[in-house]
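Thanks, everyone. I'll walk through one structure today, starting with a sheet and ending with the pockets. Please have the view open.

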Amino acid sequence: MEMQTWLIALIVVLSVLVALGLAFLLFKLYRRCTRYDYTPLKEDMALPEKLSQARQIQRNEVRENALLNFQYFIRSRNGKYAFSQHLPDMGSRMDKHWFMVRPQGRWTDQVVTQCSRSPTCPVPFTFSNQKTIRDLLLGLKHPYIWPILDIDLWEEHEMVIVVQDFNSSGSLKDYIYNVKPRHNWSEKYGMQSRGLALKQIKLFGLQILKAVIYLQDNGFPPHSHIQSGNVIVHKGACRLSGLENVFLGYTSRIYPSIKRLLKDQAEAIDTISFGHVLFEMGAGRELEEAFPARAQLNRCKYPELIQLLEFIFDVAGDYPTITNVADHQFFAEVRLKELQKQEPKYVHLTTAMKSLIKATKRGKALKHRSSEKTRHASRQTKNKSKSSSKKASQADVPNGTASSHPAMPSPAAAPVPPPPPSLAAAPPPPPAPAVGFAPSGSSSNTTRDIPRVEGRGALLSDIQKGITLRKASTNDRSNPRV
């Protein structure tokens, strides 16, 4: 009986030891695998994955630098905005960043975009140009235009800061693909959409056209940036944004292809760009080429829409204007209730605004000096005139005169040189009255050291003594003392 008990105890002990040994062995194997799991995965990573990881690291560094610049900008505005969030890359522009802020004393969120200055920007970053663009864009009042609250040309960092209200519904592109606006641009538009209903396409299309026509009526250059990402959907209506792009040299991704094919027909760029928006609303995907083929147009399931697209992308090259497209039969039954409630307000263009628009239309740099530079130039001109007059007055004084310190006598009375030929015929200045005492602030030795001479020498002596000269009378001029 005792032998069986010992045997059972021995078996239990051995089992425990074996279990502990296995557990220890498994633990060591786990430590060994987890200790070196990162290096083999990195070495075995495929080339596309390595490139993607490198691009992501580089993009994170760019975003960190952009965040630092924006925080510096916020601090320089003396608490005007409170920083809330650094938003993802909601657009395709690589040098553009989105931030969520909250203005002081308000509970509504605003989105601030920070973008590097375009190499083709025709507007110098000066205070006067910034004021001109701000007044021009803030003066636009239309129910189908998304307003700009503020714009800043940050000259120190060569950046453009634009402030607008944040719209939780997002853009027309977000509406087409049924995605949230805060997601990354490279992820949320990957899948094809079903497109929009024909009634919505008609309504949204005419609203966009009315906004572009309003800009044209105000003398604006072509928008050149009409795309679904620049159209905000707010309370069931489309509102055009990106109005600052044409003045600052920004263009859309498809713009170079369209302009290359249109050549000298710059007024048709907005028409072709609007055709791209119509195609995306109908087909549920972007039009990758500048002009669609017949097979691509057939992806739109509405024959009426296909007819309008054929009218816009005219094969013969006789492209319609934006007004011609708005008058098309496709939009005949559309009623715009927002225009009935709010009348558009036209902008009073100042001389600076007209110069800005004219330079943008011509595609040339704006030749306009800021008020600070003008004031600085006028100040320099005044200083130059003063210095020249001072030099001229000093040139009229004879040699040996101490102009800066008239009360200090010269070490020795130098002989008076003869007058130049040009002054030989002029009468000499009248002599000063004899003074038998030293002037205030000078010693008696000063009076005795300077010899008393008549004529021009008397004048020099009086200047050295600091005596105020009296104005010569008519009698003195007629009877000069020589």
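**The sheet and its hairpin**

Isoleucine 151 has valine 162 in S5 as its bridge partner. This is a predicted model, so local features need pLDDT of at least 70 and side-chain atom pairs pLDDT 80 or more, while totals for chains, interfaces and linings use all residues. Residues are numbered from 1 along each chain as its sequence is written, and side-chain values use heavy atoms, with hydrogens and water left out.

Now the hairpin itself. S4 and S5 (residues 159–165) are antiparallel, with 5 bridges. Strands here are DSSP runs of E, at least two residues, and helices are runs of H or I, at least four, numbered from the N terminus. Two strands pair if DSSP finds at least two bridges between them. There are 4 residues between S4 and S5 in this hairpin. In the turn, glutamate 158 has a positive phi of about 55°.

Is S4 enclosed or open? All 5 of the 5 residues of S4 (150–154) are buried, so the strand is largely enclosed by the rest of the structure. Buried means under 20% relative accessible area, exposed over 50%, partly exposed in between (1.4 Å probe, protein chains only). Both faces of S4 are covered. Asp150, Asp152 and Trp154 are on one side, Ile151 and Leu153 on the other.

Step back to the whole sheet. It is open, with 5 strands in the order S1-S2-S3-S5-S4 and antiparallel pairing. S1 (81–86) and S4 are the edges; each has a single partner strand, so one side of each lacks a neighbour in the sheet. On average, neighbouring strands are turned by 25° against each other, direction ignored. Axes are lines fitted to C-alpha atoms, for helices over the stretch in contact; angles run from 0 to 180 degrees between N-to-C directions.

S2 and S3 run antiparallel, joined by 6 bridges. Methionine 100 has valine 111 in S3 as its bridge partner. Helix H3 (residues 47–75) packs on this sheet and touches S1, S2, S3, S4 and S5. Its direction makes about 35° with that of S2. Contact means heavy atoms within 4.5 Å.

**Two residues**

Threonine 132 lies in helix H4 (residues 127–138). At 11% relative accessibility, threonine 132 counts as buried. Not counting residues up to four places away in sequence, it touches Ala352, Met353 and Leu356.

Phenylalanine 291 is in the loop between H10 (269–283) and H11 (294–297). It is partly exposed, at 23% relative accessibility.

**The pockets**

How much space lies in the largest pocket? About 1200 Å³. A pocket is an open set of points on a 1 Å grid over the protein atoms alone, where a 1.4 Å probe fits, with protein on both sides within 12 Å along at least five of seven lines; lining residues have an atom within 4 Å of a point. Grid points are joined across faces, edges and corners, and the volume is the space filled by probe spheres set on them.

The largest pocket has 50 lining residues. Gly91, Lys173, Gln227, Gly229 and Asn230 lie nearest its centre. H10 gives the most to this lining, 4 residues.

The second largest pocket holds about 500 Å³. It has 21 lining residues.
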